Each structure stands twice: as structure tokens, then as C-alpha cells.
Amino acid sequence: MCILRSRCGSGCGAALRDKVSSVRAEGAPALLRLQHDVPLTCLLSLFEQEIMSYVPAAAPAPAIGGPQSPAASPAPARSTRAPAPQRRDFEAKLRAFYRKLESKGYGQGPGKLKLHIRREHLLEDAFRRIMSCSKKELQKGKLCVLWDGEEGLDYGGPSREFFFLLSRELFNPYYGLFEYSANDTYTVHVSPMSAFVDNHHEWFRFSGRVLGLALVHGYLLEAWFTRALYRALLRLPPALEDVDALDAQFAASLRWLQSARCVSTLELTFAVSERLADGRVAERELKPGGRDVAVTERNKKEYLERVVRWRVERGVAGQTEWLVRGFHEVVDPRLVAAFDARELELVIAGAPELDVADWRANTEYRGGYHDAHPVVVWFWQAIDRFTNEQRLRLVQFVTGTSSIPYEGFSALRGSTGPRRFCIERWGRIESLPRAHTCFNRLDLPPYPTPQLLHEKLLLAVEETNTFGIE
């Protein structure tokens, strides 16, 4: 809270500081009591995230817009339990990170980073435009995505969809730059076969720039990497658990060696055998003269560290270095140094699994809808029937991305900062639902039956993918 206190000290006055302290100490009662205080309202509008993160959670209030119906299912109550210390620490890091970006002018302009993109040539258009930019343009330019042939203005929605679609293309194992990790088809890592892709160094540099741009502008990517890649972005050495994603059996043997005694009887040296791309087996020294250095209890730790690094970087060290270089052309490595690999993963990719209770608790209603309205009840019943993939598609339809920030739906971003998911009454019953991705708003017609609502909702999210201006 030191940043707010220092700013208040110069011009806000003691009375206003006392009111802020009251809000932090009392929470909702103080906000209600001071709701007509204009200077405090202006201050809250400027520093809402920093102040409200310290405000005690209020008890859940009844839905606004009408009385609760006994037949309607109420909205799930928000937890009033304080977040775990680790979560508070990460959220503080996240706030500090974006404050530093803003103070250094990242993404603030005055120049614009305009990306004119054709949907049918998404990857090549993005590559050509982003790789033609200087380091200063990438860091300072205010992002603006223009979809060819579409009239939508970029107040956040087009950019969100751009990063969503681009990440699905760029990090798709089909293109040969990345491949699925050995133990699942969920995380990807740099493919050793990428060395045979034309111009692969520039493609990995481009991939790093995309990661950096998404991070700077606060957009989530539809890609989840092995933890080793996040460590590489932070210039951290790989860890033994990183080997699990590549070769679980090899990782198990290293763990056995880690706890084994009398290592000298195994007659190991600081050299390993590896199979080359042409099928030949060659010996690689883990350090100069390694084939003549025996592994003992004294140097076993060093041996394990070098073997882990060799196994993680085998065949991909050069490609990974180009990716990291591109990332650091956009984001100063000192700015992300506060995060560990897990935290950086959450900042870049968000949370893949949707929490429906959190979604509902952080949804607001307009146009006469409220949580007990029959159409809203049917909407949440439809969501309950959806598969997780269908839910992700709906979130992507409304917000421009299927990823959710680490903090959950309460941290969804709109065109002017945090903006909750919104359902507004609009249109006639023959209309399809429509979305405003810049404002995270779903316009939902008052359908007469739950079956019709379910059908129209599915049709809208599965068939619509262009932007326009009303």
C-alpha cells in the first residue's frame, strides 16, 4: 500500500487518508457510509485494485433486480475466507509487475503497434508485422488489432481473440516447432525436430515476441508449456521434475541415483550417450574432459544437475535460446524476475479449468435480468449441461479468449480494466445471442423455454467468429 500512501501524502489531505483507512478496516459498511463522498469516489476509481485488495470481504448480498424466488437456485455465496499466504504473495507480485510496466511506459504509446490481420493468413501476417517492429515499438506501442474486412474497433476484444487464435496456431505441434510432452497431450515443449523447419530461429524468436506482447498487454494465451520452458524464460536452470515431462523413466532413474549410496561402484563418468538425428549414437561430455571424471558422492550433485540440463536441452538448446531472446526483446528480464516458473505460467496462460461457481458469483446482470430470473436460471442450467470444452467456447465467444486469469472470473479484463462477465437482456426470441468482447457482455434474448435457450446458445458460440460495429 506504500505507493498509494506516498501519492496521497502530497495532495489528498489527512481527511481523505483517514477515509481510505476506514474503508480498508471496515470494508463494505464504510463504503456504504461514504458512498456520496466525491473525492473518495474519484480516488477509488483511480486506485480501486490497490485499495480494494486490502478491504475485508463482505457477506454475500441478495441479487439486485427482484426478489428471490423459492423455486430459483440462488447464486453461490463467495467465500469470505482470506486467501492463502502464497496466493496473496503472488497477487502482490502481479500488481507490482503491472505497475512497473505502466511506470516504464510499456504499451502506453504514444505510437501505435497496428496489426492488420487477415483471418485466412493469420500466422504469416502476424509474423511479418511483429518481426518488422523494433524493440522500442514492441515495448512502447499501444496495441491495435484490425481484422481485415471487419469493422470492429479494438477496445480489447479483437486483441484478445488475436492472441487466442494465434497461440492455437503457433504452438500447435502440427507445425513442427513444438511437440506434446511425453506424459500427456496437454503441455508442449520445443521439438528437437524443429531444427529442420525452414528459418526456425526466426520463428522461435517470433514465438518469444508473441509471449512478451501477450504478457505486456495482459492477454492470455491458449497454450500451456512444460515447466522447463517457463524456467528458461526466467533464465533459471532446469530442475529434476522437468525431466518427468520428457522421460518419466529416465527421471525415476535419476531420483534413484539421487538417494543411492556408494555411487562410485556404478562406474559413471561425466559423459552420456545420445542418439543423433541421423540415428548414430555419440558420446557427449557434460563438461570438458568429462569422460575421464568419475562420479563420486562428492560430485554427485553436480553430475545430476548437468545430466538434468543435458536431458532438458538435448536437441533444443539453440531453439530455446532464440525463443528466450525474442521474449526479452519485449519484456526486460528484470521485470519478470520476481516470478517463479509456476507463477509465470499462471500469468501467461491463466487457469484452464472453469469454476462454474466462481463464474456465477462474478456475473452481473442488466436490462431486467437478475439471478432469479427464469432465463438466467435456464442459462446456468445450460452451463451445467455443457462440457468443459463448450464452456470454454462460450467464454471465448463472450470475452475473446477461453483462458481465465489466475484470480478467477473476478479478474476478467475489459477495455478499461477489470470488467466482470455480464448478461444483458436484449433482442427477440428468434435472435441468436450476441457478444461484446471488449466489455465481456453477453446479450441474451428472453427465450420462452430452456430447450430453445440451450440450442441458440450452442449455435451462437459454435458458428460465430467475426467482429462488427453496431
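Modeller: Of the contacts in the chain between residues at least 6 apart in sequence, 69% join residues at least 24 apart. The model is a predicted one. Its chain has 470 residues, and 47% of them are buried. In secondary structure, the chain comes to 20 helices and twelve strands.

Now to the rings. Two quantities describe a pair of aromatic rings: the distance between the centres and the angle between the planes. How many aromatic pairs does a search of the whole structure find? The search finds 20. One of them joins F162 and F163, with 5.2 Å from centre to centre and 70° between the planes, an edge-to-face arrangement. Both of these residues, F162 and F163, are buried. The rings of F379 and W380 have centres 4.9 Å apart and planes at 80°, so this pair is edge-to-face too, since planes over 60 degrees apart are given that name. F379 and W380 are each buried.

F171, F178, F204, F225 and Y230 make up one aromatic cluster.

At W147, the charged end of R119 sits over the ring, 4.2 Å from the ring centre. At Y106, the charged end of K140 takes such a place, 5.3 Å from the centre of the ring.

Among the buried residues of helix 14 are L323, V324, F327 and V330. In an α-helix there are 3.6 residues a turn, so residues three or four places apart point the same way. The buried residues of helix 14 pack against several elements, including helix 7 (135-140), strand 3 (178-180), helix 9 (200-217) and helix 10 (227-233).

An unreviewed UniProt entry places the feature "active site" at C438. C438 lies in the loop between strand 11 (434-436) and strand 12 (441-444). Is C438 buried or exposed? Its relative accessibility is 8%, so C438 counts as buried, the limit being under 20%.

How values were computed:
Residues are numbered from 1 along each chain as its sequence is written. This is a predicted model: local features need pLDDT of at least 70, side-chain atom pairs count only at pLDDT 80 or more; totals for chains, interfaces and linings use all residues. Side-chain values use heavy atoms; hydrogens and water are left out. Rings of Phe, Tyr and Trp (its six-membered ring) pair if their centres lie within 6.5 Å; planes under 30 degrees apart count as stacked, over 60 as edge-to-face and the rest as tilted. Buried means under 20% relative accessible area, exposed over 50%, partly exposed in between (1.4 Å probe, protein chains only). A charge sits over a ring if NZ of Lys or CZ of Arg is within 6 Å of the ring centre and within 35 degrees of the ring normal. Helices (H or I, at least four residues) and strands (E, at least two) are DSSP runs, numbered from the N terminus. Contact means heavy atoms within 4.5 Å. UniProt positions are given in the numbering used here, feature names are shortened, and annotations may be inferred rather than shown by experiment.
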